Each structure stands twice: as C-alpha cells, then as structure tokens.
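Thanks for coming. I have one structure to go through today, and I will keep it short.

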Amino acid sequence: MNISISFAIVTGILLVSTFISGFFLSGGGKPYGTLLFTVHKLLPFAAAVFSGIKAKNLYKAGILPGVCIPFLFAGGVFILLTIVTGGMLSVPRELPPDRFKVRINRVLFICYTAV
C-alpha cells in the first residue's frame with residue numbers, strides 16, 4: 001500500500017472515530033463518561049500530530065510544495081479551536097448556551113476535515 005494512501009486511511013479513521021464518539025457523547029447527555037470523553041479528545045489530537053509529522057517528512061523530502069503550508073497551518077488552528085470549543089462544552093455552566101457551542105464545534109470540525 002502506498003504511504004500516501006495509508007496516511008489518508010489512518011487520518012480518515014481517526015477523524016471518523018472522533019465524529020462517532022462525539023455522536024455517542026452528545027446522545028448520552030451530561031455528565032460525560034470519562035473514558036469516552038478522553039478518547040474523544042485524544043483522537044483529534046492524534047490526527048493532528050500524525051498529520052503534522054507526515055507533513056514535515058513530506059516537506060523535508062521535497063514532495064510537499066510550500067503552497068500547502070498555509071493550509072496545514074489553518075488545519076492546525078482549526079483542530080486546536082475544535083478541541084477548545086469541545087472543552088467549553090464539558091464545562092457545566094451555560095455561558096454561552098450549549099447549542100451555540102455545539103454549532104461552533106461542528107463548523108470547526110468540518111473546516112479541519114475540509115482543509
């Protein structure tokens with residue numbers, strides 16, 4: 001299997017697993033289960049680290065053009081914002097309302113996946 005294909009498959013599995021675990025978290029209501037919540041937070045972090053390491057190796061090998069660097073940076077910013085807004089959802093207080101935070105979190109996840 002080509003390295004680029006395996007990279008895409010691993011990253012895709014991590015992102016789909018994040019989406020599925022988030023779906024189960026939202027369906028279960030608060031308080032969130034510790035194990036599922038921790039796994040849900042570590043999956044996008046693992047995807048970001050995995051993508052960063054792979055991008056660095058491709059850039060050093062001269063395969064990744066410099067034009068892609070801003071997109072990688074934007075993807076990193078989106079994943080960090082997604083993790084932060086997800087953390088805001090776990091806080092028990094209601095400022096701003098949970099629906100607003102959920103929408104922001106979903107939009108950021110879609111942006112990261114698109115980049």
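**A nonpolar surface patch and a core**

I will start on the outside. Val16, Phe19, Ile20, Phe23, Phe24 and Leu36 form a nonpolar patch on the surface, and together they have about 630 Å² of accessible area. Keep in mind that this is a predicted model. Helix H1 contributes the most to the patch, namely five residues.

Take one of these residues, valine 16, which lies in helix H1.

Now the fold as a whole. The protein has four helices and zero strands, and the order from the N terminus is α-α-α-α. Among contacts with a separation of 6 or more, 61% join residues 24 or more positions apart.

Next, the inside. In soluble globular proteins, nonpolar side chains tend to be buried together. Which residues make up the largest nonpolar core here? There are five: Leu14, Leu15, Leu43, Ala47 and Phe109. Two elements give two or more residues to this core, helix H1, residues 3-28, and helix H2, residues 34-60.

Last, the totals. The protein has 115 residues, and 23% of them count as buried. Its accessible surface is about 7,800 Å², with 76% of that belonging to carbon and sulfur atoms.

That is what I have.

Conventions:
Residues are numbered from 1 along each chain as its sequence is written. This is a predicted model: local features need pLDDT of at least 70, side-chain atom pairs count only at pLDDT 80 or more; totals for chains, interfaces and linings use all residues. Side-chain values use heavy atoms; hydrogens and water are left out. Buried means under 20% relative accessible area, exposed over 50%, partly exposed in between (1.4 Å probe, protein chains only). Contact means heavy atoms within 4.5 Å. Accessible areas come from the Shrake-Rupley method with a 1.4 Å probe; for residues, only the protein chains shown count as cover. A nonpolar core is a set of buried Ala, Val, Leu, Ile, Met, Phe, Trp, Tyr and Cys residues joined through side-chain atoms within 4.5 Å. Patches are made of residues with over 30% relative accessible area and no salt bridge: like charges are joined within 9 Å, nonpolar side chains (Val, Leu, Ile, Met, Phe, Trp, Tyr) within 5 Å. A salt bridge is a side-chain nitrogen of Lys or Arg within 4 Å of a carboxyl oxygen of Asp or Glu.
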